[in-house]
Amino acid sequence: MKFSTKAVHAGQVPDPSTGAVMTPVFLTSTYVQEGLGKNKGYEYSRVSNPTRTALEKNIAALENAKEGLAFASGMAAIDAVFRLLNPGDHIIVSNDVYGGTYRIAKMVLENYGLQFSFVDTTSIDNIINAATLKTKMIFVETPTNPTMTITDLKSVAKFAKERKLLSVVDNTFATPYLQQPIDLGIDIVVHSVTKYLNGHSDMLGGFVATNNNEVIQKLRFSQKAVGGIMSPFDAWLCLRGTKTLAVRMKQHCESAMIIAEWLSRQRKVKKVNYPGLKKHPQHALAKKQMKHFGGMISFDVGTLANAKKFLKSVKLCSLAESLGGVETLISHPASMTHASVPKNERIKNGVTDGLVRISVGIEDVEDILQDLQQALKKI
Ligand SMILES: *Cc1c(COP(=O)(O)O)cnc(C)c1O
């Protein structure tokens with residue numbers, strides 16, 4: 001089955017008791033057992049729930065993965081993946097990952113004995129040089145947030161296989177519509193489904209997709225033991241979202257391309273980061289590895305004062321954290337998503353004080369452009 005068909009149908013069968021076409025929200029904590037040790041596959045909703053199962057099958061199919069697990073948030077999913085390892089183990093992470101990933105690594109998991117090195121993963125040599133005998137995992141984001149750099153997933157997967165390391169990709173920005181890391185040899189895909197997969201900014205969720213049986217087993221155990229699971233209602237909302245993922249992504253990509261090109265022509269914009277632009281340093285790699293270039297753009301308006309004025313002046317674009325919804329959201333990474341990254345690290349990674357990030361929505365692109373134009377005029 002092709003992608004859009006799977007998006008609508010995978011994991012979902014009409015409800016056997018009523019024929020309901022849509023998977024119901026199974027608001028239940030427990031399930032009647034026919035006898036000791038005899039049940040219909042469900043015992044307690046921390047372990048599994050039919051609405052969550054439908055979503056897990058749906059997104060796993062989109063990622064071409066054998067299995068998927070839905071978590072309460074992207075961070076809960078990432079935490080569970082890092083905790084596959086043991087104290088003393090070392091993990092190589094892309095240096096401009098999502099701020100929360102940096103935060104959980106440095107401020108939570110290092111206290112439990114995991115070690116992290118943040119390197120520029122756009123060069124495989126940096127990964128090779130950072131690997132030690134204790135390295136057990138490589139965790140990359142591509143495109144990165146918010147500077148939109150691209151990491152070559154095939155070479156990461158190849159190196160990880162050679163050294164028997166787990167390779168992990170945070171595929172939140174690209175979504176499986178644009179990029180399917182497992183097909184490129186990556187072991188584990190993680191998502192904040194809060195973003196594009198849900199697509200309507202009305203729930204929080206995380207996801208892990210993988211073909212690795214040992215990882216599946218360990219994560220299922222983690223869900224049962226720790227309980228960082230997605231609720232049935234959130235799973236249902238997300239199922240509504242994934243059905244339209246393909247059509248939404250097409251529009252996000254088309255409008256983002258138009259906006260990125262327009263921004264590059266503006267005198268007040270110093271730099272535009274968008275993998276679809278020919279001048280993006282990894283444009284060729286993005287073209288090879290992704291189907292299109294996504295709906296996220298960042299651009300530099302020079303100074304903090306300019307960024308403040310610009311963000312205060314936008315009307316249609318909402319100033320907010322998060323991304324991937326149908327509405328256009330605009331944010332200031334340095335003071336919002338990346339506030340927990342130390343200033344020198346942040347600047348080194350290109351997250352300057354004048355950097356503005358835009359999550360291009362599916363409104364009419366002319367209206368978005370008009371809003372950006374009037375706001376740029378104010379600086
Ligand atoms: C938002 C985000 C996360 C965290 O997900 P939550 O659902 O907010 O917990 C992780 N990675 C990326 C790339 C994100 O954008």
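**Ligand and pockets**

I looked up the site first: the ligand sits in the second largest pocket. "Sits" means that more than half of its atoms lie within 2 Å of the pocket's grid points. A pocket, on a 1 Å grid over the protein atoms alone, is an open set of points where a 1.4 Å probe fits, with protein on both sides within 12 Å along at least five of seven lines; lining residues have an atom within 4 Å of a point.

I noted that this is a predicted model, where local features need pLDDT of at least 70, side-chain atom pairs count only at pLDDT 80 or more, and totals for chains, interfaces and linings use all residues. Residues are numbered from 1 along each chain as its sequence is written, and side-chain values use heavy atoms, without hydrogens and water.

I then checked the volume of the second largest pocket, which is about 310 Å³. Its lining has 19 residues, with M75, Y98, S192, T194 and K195 closest to the centre.

I looked up polar contacts next (N or O pairs within 3.5 Å). A polar side-chain atom of T194 is 2.7 Å from a ligand oxygen. For a side-chain N or O atom of S192, the distance to a ligand oxygen is 2.8 Å. M75 places a backbone N or O atom 2.9 Å from a ligand oxygen.

Note on methods: Polar contact = N/O pair within 3.5 Å; in protein donor to acceptor, adjacent residues only side chain to side chain. Points joined across faces, edges and corners; volume = space filled by probe spheres on them.
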